[in-house]
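Keep the structure open as you read.

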Amino acid sequence: MKKMFSIAMATTLALGVLAGCSSNTSETGGTAEPKASSNQEVKAPVKLKYLVPGVESRDNKEVMNLINKKLAADGVGVEIEKVFIPSDAWDQKINLMLSTGEEFDLFHVMQDRTPYSTYWAKGALADISQAVDKYGSHLKKVIPQDIWDGSKADGKTVVIPAYWVEMASEGEFDIRLDILKQNNLQMPKTPDEMLQTLEVVMKNWKGKNKPYLTGNAQFDPISFHTTVLHRAYDSFPFTVKDKFIYVNQNGDIKSWIETPEFKKDAEFMRKAYTKGLLNPDMLVLKNEQVKAQIDNGEWFISFGTAGNLSSLKKNNPDAVNTDISAVYFNPEKPYLRPLSIKNANAVPITSKHVDDAVKFMDWVYAGQDNYDLIQYGIEGKHYKKDGDRGLQKINDPSNDNKPGYSGSESQLGNVNLIRTDNVNGIPSNNQVLYTRNEKAQNSIVSNFLFDPTPVKAEYANSMTEAASSITPIYMGILDYDKAFPAALEKMKKAGLDKVVQEYVKQYKEWKAKSANTK
């Protein structure tokens with residue numbers, strides 16, 4: 001099984017390498033291929049496959065051609081192929097590819113969906129420590145050491161972090177200042193005040209669809225961003241890791257769903273649901289539906305960053321991009337990074353091109369030109385620069401009024417190179433997302449990698465049971481007091497206690513090992 005997983009993993013990586021390089025070769029249509037001297041033969045580039053979640057942009061092949069020309073001109077010696085898998089099918093497709101043994105060289109890792117510790121525990125990831133030391137000079141320059149510390153397993157570097165977002169932004173919510181003003185409301189400073197303001201807005205809303213609190217059903221507060229509420233609790237700072245584990249900065253580890261904080265979250269959502277502030281179909285809402293609500297400007301409060309100027313203007317033609325404000329409850333409290341890294345890219349153990357994969361990743365961050373090409377496409381066609389770090393995207397009416405190409409900051413982004421939209425973007429969101437928060441602190445488990453293998457059956461059963469029994473309670477559809485006792489009993493039968501016990505055991509071992517290596 002371990003060998004099959006590793007073989008399948010290599011396939012996934014190979015398919016994913018296509019996703020990401022940038023360079024400003026657009027004005028010339030690309031750079032020339034390197035020429036060999038009369039007595040020297042040009043070595044064929046190593047072809048890498050990079051598997052990523054998402055949908056291919058219309059002009060992706062055109063941009064990838066320029067990327068590969070730039071890679072050749074820069075003497076990197078690699079050629080990238082990017083393979084896209086729809087986000088909703090990502091996990092299922094990856095599992096299928098792993099089971100069939102397909103080969104690849106790079107793949108994207110989403111820590112909040114399947115952490116890289118899961119892949120590492122199955123023997124699926126290559127140790128890239130030496131390759132990064134030898135070929136990763138630019139990677140080391142743009143990724144801080146504390147972020148690199150979160151990329152290690154057993155003391156080895158096993159993923160390249162995508163340092164595209166300040167993780168201390170967790171706990172923030174977006175609010176429409178224009179709607180606050182229209183309804184003569186003050187900024188809410190507590191969860192109860194948040195519900196009160198939303199209730200007034202809902203009553204007075206003139207739009208076609210109601211401005212429900214945005215989001216779809218989850219039992220994980222990191223996924224649903226109910227971490228917004230946690231800053232209002234006396235017990236903060238704490239975080240929830242690996243879906244089920246509550247951890248505070250004193251090192252107390254508990255079953256998340258059995259904490260008073262979980263109950264408070266559920267009661268908040270219950271109030272929102274009974275007041276009609278949540279979409280009645282929340283349990284079956286898809287990501288596309290939530291995105292459509294935000295894109296249509298039919299929202300007032302969103303857990304996490306959301307929206308842009310175009311979406312605001314759909315219901316308010318006079319809106320400006322400062323009408324959205326990023327807000328924290330109790331801003332005087334610490335800012336906590338639940339994870340050192342949110343996303344990353346990995347090389348599978350079966351890849352024959354570990355060094356080449358790292359060379360490609362280093363090239364992405366070797367200069368602003370490379371980054372711009374892979375993230376934003378062709379200058380003058382897909383975007384135009386706006387100052388040192390700004391850009392304006394060029395929308396194409398024949399492409400649903402969107403640029404013909406778009407990369408992914410979450411897959412390959414870096415806060416030192418990201419360009420933000422000064423016209424259509426939201427300055428308040430850009431500030432919390434793309435500026436390092438020097439006042440933030442890492443959770444004590446931000447770099448701890450839980451290996452669920454010893455309790456894989458219990459962990460899988462708990463995940464399945466939680467989705468069925470816990471999610472309706474956490475989302476407020478069911479009353480906590482009435483539904484939770486039976487749900488907890490089901491979770492116990494699924495093996496939750498063993499999962500928590502194993503987590504505590506591994507954490508203590510990791511902490512002791514970390515102390516001995518200092």
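**A walk through the fold**

P237 sits in the loop between α11 (227–230) and β8. Helices (H or I, at least four residues) and strands (E, at least two) are DSSP runs, numbered from the N terminus. The model is predicted: local features need pLDDT of at least 70, side-chain atom pairs count only at pLDDT 80 or more, and totals for chains, interfaces and linings use all residues. Residues are numbered from 1 along each chain as its sequence is written, and side-chain values use heavy atoms, with hydrogens and water left out.

Stay at P237. A cis peptide bond links F236 to P237, with omega about 15 degrees. Next comes strand β8 (residues 238–241), which is covered on both faces. F238 and V240 are buried on one side, T239 and K241 on the other. Buried means under 20% relative accessible area, exposed over 50%, and partly exposed in between (1.4 Å probe, protein chains only).

β8 runs antiparallel to strand β9 (residues 245–248), joined by 4 bridges. Two strands pair if DSSP finds at least two bridges between them. V240 has Y246 as its bridge partner in β9. The two strands form a hairpin with 3 residues between them. In the turn, D242 has a positive phi of about 50 degrees. K243 lies in the loop between β8 and β9. Its phi is also positive, near 75 degrees, and K243 is not a glycine. Is K243 buried or exposed? At 14% relative accessibility, K243 counts as buried.

Compare N184, in the loop between α8 (177–182) and α9 (191–204). N184 is not a glycine, yet has a positive phi of about 55 degrees. N184 counts as exposed, because its relative accessibility is 70%.

Now turn to the sheet. Its 5 strands form an open sheet in the order β2-β1-β3-β14-β6, with mixed pairing. β2 (78–85) and β6 (159–162) stand at the edges with a single partner strand each, so one side of each has no neighbour in the sheet. Neighbouring strands are turned by 25 degrees against each other on average, direction ignored. Strands of a sheet pair through backbone hydrogen bonds, either parallel or antiparallel.

Look at strand β14 (residues 343–346). β14 pairs with β6 in the antiparallel sense over 4 bridges. A162 has N343 as its bridge partner, and V159 has A346. β14 also runs antiparallel to β3, again with 4 bridges. There, M110 stands opposite N343. Both faces of β14 are covered: N343 and N345 are buried on one side, A344 and A346 on the other.

Helix α12 (residues 260–274) has 15 residues, which should span 21 Å at 1.5 Å a residue; its end C-alpha atoms are 21 Å apart, so the two agree. The expected span is 1.5 Å times one less than the number of residues. E261, F262, D265, A266, F268, M269 and A272 are the buried residues of α12. They fall within an arc of 155 degrees seen down the axis, so they line one face of the helix. The arc is that of the directions from the helix axis to the C-beta atoms. P260 and T274 are exposed on the other side of α12. G276 follows α12, with a positive phi near 75 degrees.

Finish at helix α19 (residues 456–474), which bends by about 45 degrees at A466. The bend at a residue is the angle between axes fitted to the seven residues ending there and the seven starting there. A466 is among the buried residues of α19, including Y459 and S462.

Conventions:
Axes are lines fitted to C-alpha atoms, for helices over the stretch in contact, and angles run from 0 to 180 degrees between N-to-C directions.
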